Structures are given as structure tokens and as C-alpha cells.
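Please look over the model shown here before reading the numbered notes.

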Amino acid sequence: MTAAADHDARVQTIAAQVRDKIGRGEPVHIDKGGVHHVVPLPGDPRFRSRPIDVSPLRRVLQVDREARRCVAEPGISFAELVDITLPYGLAPAVVPELEGITIGGAVAGCAVESSSYRVGGFFDTCRELELVTGAGEVLTCSREHEPFLYDMVHGSYGTLAILTRLTFDLVPAGPFVEMSYERYRDPGEFFKAMKARCDLRDVEFIDGIVHGPEELVLCLGRFVDKAPYVSDYRWLDIYYKSTRTRTVDYLTTRDYFFRYDTECHWLTRTVPGLENRLVRLAAGKFVLGSTNLIRWSNRLAPVLGALKRRPDVVVDLFVPYRRILDFYDWYADEPRFYPLWVIPYRVPRWYPWLSPAMQQRMADPLLVDCAIYGMPNGDPARDWSQVLEEQTFACDGVKTLISRNHYTRERFFEIYDEANYAAAKRRLDPHSVFPGLYEKLHRVG
């Protein structure tokens with residue numbers, strides 16, 4: 001059996017699973033296997049529903065070197081994917097920073113990275129999506145065929161259909177990435193320099209790490225064919241700390257893509273001892289890396305839930321560039337939690353799941369993703385998760401929905417287009433096999 005025929009057979013099996021659920025009134029969830037990158041919360045009800053098993057869909061079906069295009073199933077991780085494409089001198093145009101993130105999850109959950117100032121999110125590099133609808137039908141949509149449904153699946157978090165195949169662009173990728181680090185004490189100068197480099201487009205990668213209110217590092221990366229040395233941040237050394245002291249650095253391209261994976265950004269520092277070299281030497285292979293850390297977080301979620309008043313804050317906030325200093329000034333005065341990861345992200349076009357009112361509020365297509373990972377949230381008088389959500393909206397921004405969400409239904413649909421979502425739901429999931437967007441993602445914990 002050819003790979004294409006085997007794929008079609010597996011998709012028909014999934015479609016049959018979905019048809020079997022119609023009319024039963026049973027809540028379901030999509031089980032892709034592996035770890036889930038939605039932030040674990042104690043008592044999270046998402047996985048109490050019945051699963052639809054899509055875990056077999058995790059292969060690359062085609063790499064077209066000439067067209068620079070890839071066809072793959074949604075369950076393949078980006079780590080697995082780049083191991084296949086890099087020998088061709090190619091890579092996805094956007095590679096999320098954690099090894100276990102899947103390409104289907106990157107579309108459903110709006111993944112961006114340091115190349116997003118050039119091309120948008122991973123979804124914006126896609127050409128075609130194959131879906132199994134909530135009616136158990138197999139549907140292919142693209143920018144030309146069913147473009148509304150194609151756009152609405154992006155950011156739908158598994159509430160409209162099941163992704164079963166993706167076609168997306170690849171870009172040339174050198175074997176190494178040369179990093180240069182520019183340091184700023186003035187936030188205004190830092191964000192001005194970030195935008196200037198975004199406009200200049202003279203490097204492949206731009207992001208920043210803010211180590212303190214007046215310690216801002218602009219990280220610039222470019223592909224190179226040769227490197228005088230390569231640094232290794234996969235075990236004993238810690239990438240984010242290196243940006244504080246280095247001016248130039250070199251990484252293999254694969255290690256650049258997953259430079260934050262070993263620490264899961266810097267969540268290792270929330271566990272006593274995990275940034276200690278002796279501890280890492282002895283136990284690193286069992287606990288380091290995002291997949292290990294997320295597995296441990298899921299296992300310990302019930303215990304941590306009993307010990308902590310609230311989970312730590314893990315969230316990405318997208319603020320229009322024109323309001324970023326307003327947000328940053330507030331952040332440096334109130335939460336003051338560091339490091340803060342900042343990633344410029346230019347939206348190629350407004351997505352139809354954003355309400356017209358929210359599009360007008362945001363106005364600026366250059367957004368800055370402010371990523372806050374591991375912020376303690378034990379103050380009984382103030383829930384920082386909710387405060388950050390409210391401040392983001394006050395600065396005309398939106399947040400990802402992978403963590404705790406406090407929105408009232410009214411506020412939620414000020415941001416998200418309720419009419420467009422309802423239209424997509426009627427077309428893709430007429431029997432409500434999958435949960436609604438608000439119902440699934442109203443995760444206060």
C-alpha cells in the first residue's frame with residue numbers, strides 16, 4: 001500500500017469514529033497522543049470526554065525539494081519534521097521552539113516564532129488543509145477552495161474539525177545560525193530597534209529577552225554556511241542565560257530552532273536544583289526538555305493544585321506595536337516578572353475569527369508577543385492571570401487561549417467573531433460533536 005493510500009485509509013477510520021459519535025450527545029476530544037501543550041490545570045475537565053484517536057497520523061507524506069513544499073500529517077512534531085527536511089537544506093518557515101509541538105497543534109493553536117516578523121505564524125505558511133468534519137466527512141480546503149473554513153480552522157483549538165493532512169511551504173535553511181545580541185537599557189530604544197530590524201528584514205530571526213526592567217537584549221539570527229564553533233544548550237548550559245553575557249554565538253540550525261526546549265524556556269528554574277550543573281549532569285536526561293517537563297507537570301498537577309492557591313502564569317500576550325510601550329511601562333511597574341520573551345509577529349492579513357471591532361482596536365498588523373512563563377501567582381488579593389488578561393485587552397491586544405482564561409462570554413465575543421464562528425460551526429460541526437470554542441477554553445482552574 002502506498003503512503004497516500006495508507007493515509008486515506010487511516011483518515012476514513014477517523015471519519016468513522018466521528019460518525020459513530022453523532023447523536024450520542026457525548027462530549028469528545030481529539031487524542032493526538034504524546035504530550036499536550038495546553039497548560040495543565042488541576043481538575044481540568046477536557047480529557048474526561050471520550051477520545052477520537054488520531055495518533056497514527058504522524059508521518060511526512062512528501063517533501064518536494066524543487067517546489068519547497070511539504071505534505072505531512074498533523075501529529076508529526078517539529079523536531080521529527082526538521083530531521084527530515086534539514087538534510088534537503090530546507091525547513092518550515094516557522095518552527096515553534098518546543099520539540100514536541102505538532103504541526104497540527106501549531107495551526108489549531110496559532111504558533112509563532114522568531115521568523116514570524118517576516119512570514120506570520122506557521123498557519124500563514126500553509127497551502128492546504130485536509131479535515132474530518134464533525135459530520136464525519138473528509139474535506140479539503142485552501143486559500144482558493146473554501147477559504148473561509150480554511151481560515152476559521154486556524155485558532156479553533158480542535159472545536160470545529162480534525163486536521164488530518166497539511167501542505168505547507170519550506171524555506172532554504174543553512175546548517176548553522178549566527179546569533180548577535182544587542183543590549184539596551186531604555187525600553188523605548190529597544191522596541192524602536194526591534195521594529196527597525198523588522199522593517200529592514202536583513203536577518204532571518206528576531207526576538208528578544210528582557211532580563212529586567214532596564215536589561216533588554218535584542219536577539220538577531222541569520223543562517224550561515226560555516227561556524228567557528230557551536231554552543232550546546234541541550235544539557236549543562238542554559239540558553240537564555242547566555243544572552244546576558246554573549247555578544248555573538250553560533251548554534252546548529254536544529255539547536256537554534258529548539259534553543260528554549262531544554263529548559264522549556266526557563267521553567268526549570270521553578271524546580272529547585274534544575275539549573276544546577278551537577279543536578280543536570282546526574283538527572284538531566286530524565287527531567288530536562290519540554291516533553292519531560294510537561295509530562296512531569298501533568299503528573300504533578302493534582303499535587304501542585306493542592307499545594308498552590310493558583311497555578312503559575314504561563315501565557316502569550318499579543319500587543320500591537322503601537323501600544324507596546326504602554327503595556328511594557330505597566331508591566332515593568334507592576335508584575336515585574338523576568339525573563340520576559342518578546343517576539344515580533346507581523347499578521348499578513350486579519351483572520352476572520354477576530355471580530356471587526358477587535359481588528360479596528362488592534363489596527364497595527366505588527367504585534368509583539370509577550371511570553372510570560374512561570375510567574376508565581378499566589379497573591380490572595382490579586383490573580384495575575386486575570387490582571388494580565390485585562391491589561392492586554394486595555395492595550396488593544398489579544399492572548400493565546402492555552403492557559404487560564406477568565407473572559408465573560410460577552411468579553412470573549414468582543415474579541416472573537418461570534419457570527420463567523422457560528423457559521424463555521426454549522427458548516428463543519430453541525431451535530432456539535434466537538435465542544436464550543438468558549439466552552440472548551442473558559443479554563444479558570
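Which residues are exposed on the other side of H15?

1. On the other side of H15, the exposed residues are Ala419 and Arg426. Exposed means over 50% relative accessible area, buried under 20%, and partly exposed in between (1.4 Å probe, protein chains only).

2. This is a predicted model, in which local features need pLDDT of at least 70 and side-chain atom pairs count only at pLDDT 80 or more, while totals for chains, interfaces and linings use all residues. Residues are numbered from 1 along each chain as its sequence is written, and side-chain values use heavy atoms, with hydrogens and water left out.

3. Helix H15 (residues 418-428) has Tyr421, Ala424, Lys425 and Leu428 as its buried residues. They lie on the same side of H15 because they cover an arc of only 105° around the axis, the arc being that of the directions from the helix axis to the C-beta atoms. Strand E6 (126-133), strand E7 (138-142), helix H5 (147-153) and helix H16 (437-441) are what they pack against. Helices (H or I, at least four residues) and strands (E, at least two) are DSSP runs, numbered from the N terminus.

4. Not counting residues up to four places away in sequence, Ile103 touches (heavy atoms within 4.5 Å) residues including Phe78, Phe122 and Leu166.
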